Structure formats: structure tokens, C-alpha cells
Amino acid sequence: PYQGMSKERLLQIRQHKCNPMTTKVTYYQRPVFIHHGYMQWLWDMDGRRYLDMFAGVATVSVGHCHPKVREATEKQLGRLWHTSAIYVHPQIQEYAEKLTSHLPEPLRVVYLTNSGSEANDLALLMARLHTGNYAITTLRGAYHGGSGMTIDLTSNAAYKFPVTSGQGCHSTMCPDVFRGPWGGSHCRDSPVQTTRECNCSPGQCLANNKYIDQLKEVFATCVPHQIAGLFAEPIQGVGGVVQYPRNFLRDAYKLVREKGGICIADEVQTGFARTGSHYWGFQGHDVIPDMVTMAKGIANGFPMGAVVTTEEIARSFGKGLHFNTFGGGPLSCAVASSVLDVIKEDGLQETCEEVGTYLLEQLAKLRDKHEIVGDVRGKGLMIGVEMVKDKVSRDPLPPEHMDEIFEDTKDMGVLIGKGGNYAQVFRLKPPLCVTKADADFFLAVFDQALQNYTERR
Ligand code: PMP
């Protein structure tokens, strides 16, 4: 048991001294004091167990303190923690080789960082250097980081600050087939469809054409010259698990390349088998990016990130010297390498597809049962449940109402996440080791929380 400071003192520090802003977006009214975790479970300081359906925002990929990852970490801890990039260390080179073996040609060159923001920062610099262009396009609602440069790429209101930003970044409308002006039931690639009617004809996604027109308009009006590139998540995470029309990324990549830009897939949330059907989210869109950025699940919660790109782009980057003291040291590479092994050995991509599809199908039943569940979407264990005042208006359920359900779900033993531009989407991104029994437990709890909410009205 924890024998340090009192809960009251910890809370005071959290609220006043230790990044106090975070309380704004993540706080439970009755906060959870986490003590330890194992696989898909977390325990609080009073010994209460929670099913972790959020995994620190899709970060704990294979399970908290996974025994095999822990063993690999402990082995490396006893050997060497850090070395400088001026030496060769087998752990690092072997990891780069192993990571690229999971990616298609021509993605062969790896740069290791400490976080997703750092990876996107580097990708942005490389895109500009390689193309000689400055302008960048992103999708509205996206989160690509909070660092000095990536904050410009992020276009999610909650994370914006009233300072000069947006240097060279031009966002286009997010092709959201549920909340956006166009789209509906058959536009996206998910085991469950939206309940929203769509006007698309077979083989011709009108919604996709409309959203692509928006991108064309951004180019025509804001960036008539050549561009450096497009950043896009294969499924938008923080933005509320938004899935685009099936061909959107393929068509957008084509346009971007015509404008002289390169295409960057931000796989910080969607990578490492999370979407179930594929190892990388971009594979679900039938595209090959010029650069892939990753973090979070890469090392099961150990701080690490990466950029993987082509030899050609890497050559353009060779004009200067790139150095990162901690990025991809022997310890993080040992952790990340064991994560790749565990995903394979524990069959987690398959679990992810099976349990994820089951969850989606069962959640669709809850959507049909409860008026306030507007949409259920996602792939694998990257799932969003969009909450509405009612199914006709599709107005977002107000934040205080979301909080009631959020809090109730937690009090019944399940931790979930929130997201979306209006904080109107519950997000489920558990460790990939969750089982069908866990899914059933979550579904029972969530159903009850929705029922409780309705009864209180
Ligand atoms: N890209 C995406 C898609 C993310 O979700 C995040 C983090 N939420 C980042 C980049 C930034 O990663 P980090 O917090 O490790 O800097």
C-alpha cells in the first residue's frame, strides 16, 4: 500500500503545482488515484480495481507491466541505460531493422524520438526541407502534438492557445460522415454503419467528392503555390475517433503529391495493430505514406517515438546534423523491440480485430436502445461512441451530461476516455489484451450508466 502523502495533499499539488491545466480536460469530480496496474487492469490507492478501457490514451498497447516486456526491460536495465549516438549499439540498430520489417517499401529509414510531438516536429522539418516548400495541410479536429511547431498542426480547439500560431498550416474540413455536412451509412470502413442516411450512389461516394472539394478549395484560396505536405491520422483520435470516407486519404494523397507535397501518416494512436485489420492504420486506406510518425503504443507506455521515411527524404535531411540525446536509447529500444514480439506472440492483432468487432457490434445495439447514443464507429480497438441530445438534431450532448455518464462508468469500475471538438465522444482504446469477457463487463456498465442518466431526467 501507498504510504506517502495524503490524497488531499496530492490533489492540491495536482491542482496548483503540477500542470494544473490538465485538470480542465481530464478530471473526474471524484478523482482516481492510480497505484498500480497489470495487463488491462488498474488498481487505485484503496485497492479498488478498474478495467482500463483507455490505456492512457491508446498508449499501453500490450498491457500494463506485461511480463515479457518487463523481463526485457529489466534485462536491459542491468546492462546499459544510455549511450550516445556516436557509438553503435546493437539494440538500437536491430530495433530499426525490426521496425521497418513491419512497414512496406520504400519506408526504410528510422529516426527515434521520445514522444509523438517530437516525431511530428521532425517530420514537419523533413517535409519542408525535402520539398523546399513551407505550407502544410492538416484536417480540422486533428491533434498532432503540443510542442512549439506541432501546436500549429493541431487544430483542435481545446489545445489551442491565443498566441501567434498556425505558421504555414492550413486546415481543411474534417471529412466526418456523421457530424459533417455530407456522408452517411456506407461511406466509411467500419464493422458498424452510421444510422445517418447517405446520398451516395454505388461506387460513387458523393460525400468523399465534397470533402475532397474542400481540400481543393483550401489549395485554390489559401495556398495557390506548392506545398510541403499533408499530416493526417488514419482515424482521428483526439478529434473523436473520426473515420473518413473510404477513398478520402487516397484522393487527398494524390492531390497533395500533385501540389509538390509529401504525405505523412500520424500513426501515434492507430499504429501497432490497434485497428485490428491492419498493423498500420494507413493500410486500411490503401495508401503508402512518404513518412509515418509513431509514439504511444510503440513502447507500451515507455517514452518513445519514431519517424520512418524513405531513403530519398532521408538524403534531403542529411543537409544538417540531427541529434537527439535520449531518442531511442538502448533501454527504450529494448522495450519497443519486446512490444513488437509480444504483439506477434500473443496474437494481439487478431484479438484486437475479434474483440473490437464484437464491441462495435454490441455497442451498435446500445445505440439503437438509447436515444442519446448518436453514433458508434471505429475499427479494432480504436472505438468512438458519439453522444447526442437526440438522434434527430444530432446536437452534441453537453459536457456536464457527458461527465455524469463518465463518472458513473468509473464508479462502476471502468475507465474510458473523452474526445471530439465538443467533448461529445466517449473513446475506447484499451490495451490490446482485453478479452470478450472484459468487453461484456464494460458493455453492462456502460448500458447501466446510460440507463441511470435517462432515469435521472
Ligand atoms: N499525434 C497524435 C495522433 C496524438 O494522439 C498525440 C497525443 N495525443 C500526439 C501526436 C502527440 O504525442 P505526444 O503526447 O507523445 O507528444
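Helices (H or I, at least four residues) and strands (E, at least two) are DSSP runs, numbered from the N terminus. The structure is a predicted model, in which local features need pLDDT of at least 70, side-chain atom pairs count only at pLDDT 80 or more, and totals for chains, interfaces and linings use all residues. Residues are numbered from 1 along each chain as its sequence is written.

Asp-447 is placed in helix H14. A residue is termed buried if 20 or more other C-beta atoms lie within 10 Å of its own, exposed if 12 or fewer, and partly exposed in between, with C-beta atoms placed from the backbone. Asp-447 is partly exposed, because 16 other C-beta atoms lie within 10 Å. Between the C-alpha atoms of Asp-447 and Pro-90, which are 357 residues apart along the chain, the separation is 50 Å.

Helix H12 comprises the 22 residues 348–369. The expected span of a helix is 1.5 Å times one less than its number of residues.

Axes are lines fitted to C-alpha atoms, for helices over the stretch in contact, and angles run from 0 to 180 degrees between N-to-C directions. Angles under 35 degrees count as roughly parallel, over 145 as roughly antiparallel, 65 to 115 as roughly perpendicular and the rest as oblique. On the H4 side, Lys-68, Val-69, Ala-72, Thr-73, Gln-76 and Leu-77 meet Pro-330, Leu-331, Ala-334, Val-335, Ser-338, Val-339, Asp-341 and Val-342 of H11, contact being defined by C-beta atoms, placed from the backbone, within 7 Å. By class, nine nonpolar, three polar and two charged residues take part in the contact of H4 with H11. Ala, Val, Leu, Ile, Met, Phe, Trp, Tyr, Cys and Pro count as nonpolar, Asp, Glu, Lys and Arg as charged, and the others, Gly among them, as polar.

The axes of helices H8 (residues 206–221) and H9 (residues 248–258) come within 10 Å and cross at roughly 25°. This angle makes H8 roughly parallel to H9, and the crossing is right-handed. Asn-208, Tyr-211, Ile-212, Leu-215 and Lys-216 of H8 form the contact with Phe-248, Asp-251, Ala-252 and Leu-255 of H9. Six nonpolar, one polar and two charged residues make up this contact of H8 with H9.

Most residues other than glycine have a negative phi, and most peptide bonds are trans. Ala-58, although not a glycine, has a positive phi of about 55°. Ala-58 is placed in helix H3 (residues 55–58) and counts as buried because 25 C-beta neighbours lie inside 10 Å. Ala-273 likewise has a positive phi, of about 75°. Its place is in the loop between strands E8 (262–266) and E9 (291–294), and Ala-273 is buried, with 27 other C-beta atoms within 10 Å. A cis peptide bond, with omega about 0°, joins Glu-105 and Pro-106. Pro-106 lies in the loop between helix H5 (90–100) and strand E4 (109–113).

How values were computed:
Left-handed = near helix turned anticlockwise from the far one by under 90°. Contact = placed C-beta atoms within 7 Å.
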